[in-house]
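Trainee: Hi! Could you walk me through this one while I have it open on my screen?

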Amino acid sequence: MLLSAQNISKAFGSFLAVRGADLAVAEGEIIGLIGPNGAGKSTFFNCLAGDTVPTTGRVLFDGIDVTRASAEAHARAGIGRTFQVPATFEDMTVLENVMVGAFLRHHHRGAARETALRIVEMTGLTRQSAQRARSLGTPGRKRLEIARVLATGPRLMLLDEALAGLTPTELQQAIALVRRIHELGITLVIVEHIMEVIMTLAQRVLVFNQGHVIAHGKPREVVANEAVIEAYLGRGHRRRRREAS
Amino acid sequence: MKWSLPALAALLLFYPFILTGPFYWDIGVAFLLAAISASAWNIVGGYAGQVSVGHSMFFGVGAYTPLLFYHLWGLPPVAGVPAGMLVSLALAVAIGMPTFRLQGHYFSMATIAVAELIRIFVGTWDLVGAAIGLQGPAVGRAWWDLTFRSELPYYYIFLAVLAVVLYTTFEVERSRFGYYLRAIKAGERAARSLGVPVRATKLKALMLSAVFTSVAGSLYSIKTGFIDPESGFGILVSVQMVIVAALGGAATLFGPLIGALLLVPLQTATNTWFGGGGSGLTYILYGGIIVLLARFEPGGMHEWWQHVAPRLMRRSHAA
Amino acid sequence: MLLAQVIVGGLLLGAIYALFSSGLTLIWGMMNFINFAHGEFVMLGMYVALLVVVWLGGGPATFGFAAAFALFVLGVIVYASLIRHVMRGPMLAQILSTFGLALLLRYTAFWIFSANFVSLPQVSLSGTLNVGGILMPVPQLVAGVAAIALTLGLHLLLTRTTVGSQLLAVAEDRNAAMLMGIRPDRMQALAWGLAAGSAGIAGALMAVSYPWSPSVGETFGLTAFVVVTLGGFGSVPGAMYAGLIIGLIQALSAYWLGPIYKDIVVYALFAALLWLRPQGLMGKA
Ligand SMILES: Nc1ncnc2c1ncn2[C@@H]1O[C@H](COP(=O)(O)OP(=O)(O)OP(=O)(O)O)[C@@H](O)[C@H]1O
Ligand SMILES: [Mg+2]
């Protein structure tokens, strides 16, 4: 297993956002993570990426315990992640944003720049590469986040709703981009509300609800699962409103 | 644009021959010192976005050690410069290690409190002259005492130091370290997720900044041959660094130069208008400038120019 | 006996530290914002008290109220004209805004009132009270007790009233509060008014017993930093205990080591705290 998270819980005060979640990811997989708003998906990601230390459980990456390691150590080990609310470096240009990522594996500016240019091209940001990140819209920012992480040379990428809020054409491009990333040999875990994305990309799906993993399996099986339908219908109206916005 | 750098260098090199006489040379030296200190501050306060309002602690340490070396052991003041750098380095570590774990405002608060602690403490410490301060050699024993009657040698010494500080900043800007500083300033959490060692990078910036600020302090005390708690560790020393950098444009290479270019003549003018006793008015003016900058143009003149220049260009094209 | 008197004196002064520090901690708790001009608010409160006594006459109730009111208004103005515009801007603007304001207020006070120390003319409060051999000057006693009462009042206002819960709701989650129909801008303006007002009245209370000059603002501002750090950022009860502790430490170090050491000891305590428990004694990690 490339990544194995066992019995992860995260408490905020007395509230448990994640309750005993398990996840095992083999090298080369694409795993989908779904669940209604507030189910604990992002919090779970934060635990996997070293952004917070889980209250219980442990995370093994490539057999090494990284539970308490810092976020920068996670990045160095090869776990990259995007943020649900894009956190691009607003005053830096698109290329400079990507170079920050590239500097993880390259100490020299020239080498980092070369890698960054290649990734900017691959992610379709070449035209905007000299613009400041603040001038991009949300879709551009999300793509920049992916590019930046890609530049760190990760083995595993955690994408938190990186494909949300795109137009149908943009969505198709983004799906193609994820495929290309996967072809590079990078393992992916993606959180998405858009079922189309999950159905086309994911080989296995985990469903979160109220902090628990309530189902997992092949995409087809999971969408037919009673508990999953139940979880979604309970809060379905909120989801639809959110996708509309 | 291509010619602006050589033009600037030439201007600074020949300034003493363009505007001659002690009055203008004095202003030139004051300008250089302000630019050096503000450039030093800029590394941590500008690029890294960790706003120190107590940088006088490094300036003061750098200012005291040369005169202390002379006072205690009769050594030439320059001999104390490296010692000042080392003490400032240690001080930077002592402050950075605990505060960089916490949020931004905490660092600012800690810097001003520690600077004040040191100022009061030095004011009661007899070894370093307590409230009276220290004096350098009245008459130079040899050239290495660096006591010149003319301002001119100081001008060129300061200019050389400024060149070193600016060149270092230029290299920092282009290096991985510089990119990391800007990333940290823009968002620590995102920087961390890309493998930026946030605390270590901030600490490195503070250390570099502290060393340069210390050198600025040394230059000051060697030139004036006198230092006391207020002129070394006083809050106004910190204020000047912040205001010069912010006025010109924090986190830009030449911002501190522009800031010094505006502020130092202004300071000379207000001192003449208001007289020595009315120096309070100068500080009212400083406070006012800082508030207005924060409110309307935190990017300083540099940013302002970037808004204004395109508009001017368009107008001149239209005409 | 002398020691007991020193302790009581320290606690009474510490009560006033508690009062003005609770204003600073309130702003921090609500907005994650450090006000570098907070000490200057205290200093202005002292001058407001002086002006009211000289021009209008009247006792501590009058000038205390006047100082609180004047500074409340100033706090709201500062928020509306300055803080509101910088609080989500770059860090440099956040820090510089109140730092510049501090300089502006301090040196304007220098310019108007000169650097000389002044004190309130004899007011109706005077005399000493002898409690079991401990001599307590009435002005300090009244001021200390009033300061504790006001700090508790502020705490109750925050925890027991509708306005207080609205303030805390904004502190907790600005957007959620907005959804509940609370206008965060108003609440934050109110917080600045309360913070400055409590600093103003604390200044007026101190003016009764101690002479001052425009530079005291700097010292009080730093004292408030130390108190807030010790008490845990954002906690009014924390600020109250910490204020009393700092007052006590100052009095004892002045007594044992000499008056010039009282500030050094407090700032050194701050430096130690920085290393050992930056989240404060009462604060959570
Ligand atoms: N820092 C925090 N402090 C307190 N509660 C938090 C914090 N972060 C998240 N929560 C709570 O934990 C729960 C899970 O949040 P999380 O963001 O992980 O959900 P999610 O599945 O990612 O939802 P969404 O689909 O809306 O992104 C929510 O109820 C949220 O309010
Ligand atoms: Mg989420």
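Mentor: Happy to; we'll go through the chain interfaces and then look inside chain A. Keep in mind that this is a predicted model.

Trainee: Which pair of chains has the most contacts?

Mentor: That would be chains B and C, out of the 2 pairs of chains that touch. There, 42 residues of chain B are in contact with 41 residues of chain C.

Trainee: And how much area is buried between chain B and chain C?

Mentor: About 3,900 Å², with carbon and sulfur atoms giving 82% of it. On the chain B side, the residues that lose the most area to chain C are B:His105, B:Tyr106 and B:Met109, together 19% of what that side buries.

Trainee: Which elements of chain B give two or more residues to that side?

Mentor: Four helices of chain B do: H4 (80–99), H5 (104–124), H11 (235–248) and H13 (279–296). H5(B) gives the most, with 13 residues. By class, the side of chain B that touches chain C has 29 nonpolar, 10 polar and 3 charged residues.

Trainee: How many salt bridges are there across the interface of chain B and chain C?

Mentor: The rule finds 0 salt bridges there. It does find 5 residue pairs in polar contact, both residues being at pLDDT 80 or more.

Trainee: OK, switching to the other side. How many residues are in contact between chain B and chain A?

Mentor: 21 residues of chain B are in contact with 24 residues of chain A. The area buried between these chains is about 2,000 Å², and carbon and sulfur atoms give 60% of that. B:Arg176, B:Tyr179 and B:Leu194 supply 36% of the area that chain B buries against chain A, more than any other three residues.

Trainee: What's the salt bridge count between chain B and chain A?

Mentor: The count is 3 salt bridges. One salt bridge joins A:Glu96 and B:Arg182, with the closest N and O atoms 2.8 Å apart. There are also 6 residue pairs in polar contact between chain B and chain A, both residues at pLDDT 80 or more.

Trainee: Which helix gives the largest share of the side of chain B that touches chain A?

Mentor: H7(B), with 6 residues. Helices H7 (176–186), H8 (188–193) and H14 (300–318) of chain B each supply at least two residues of that side. The residues there divide into 10 nonpolar, 5 polar and 6 charged.

Trainee: What about chain A and chain C, how far apart are their closest C-alpha atoms?

Mentor: They lie 11 Å apart, and no contact joins the two chains.

Trainee: Last one: how many salt bridges does the structure hold over all chains?

Mentor: It holds 21. Among them is the one between A:Arg132 and A:Asp91, whose closest N and O atoms are 3.4 Å apart. A:Arg132 lies in the loop between H4 (109–122) and H5 of chain A, and A:Asp91 in the loop between strand E6 (79–81) and H3 of chain A, so the pair ties together parts that are 41 residues apart in sequence.

How values were computed: Residues numbered from 1 in each chain as written. Chains lettered and ligands numbered in written order. Predicted model: local features only at pLDDT ≥ 70, side-chain atom pairs only at ≥ 80, totals over all residues. Heavy atoms only, no water. Contact = heavy atoms within 4.5 Å. Buried area = accessible area lost by both parts, 1.4 Å probe. Salt bridge = Lys/Arg side-chain N within 4 Å of Asp/Glu carboxyl O. Polar contact = N/O pair within 3.5 Å; in protein donor to acceptor, adjacent residues only side chain to side chain. Nonpolar A, V, L, I, M, F, W, Y, C, P; charged D, E, K, R; others polar.
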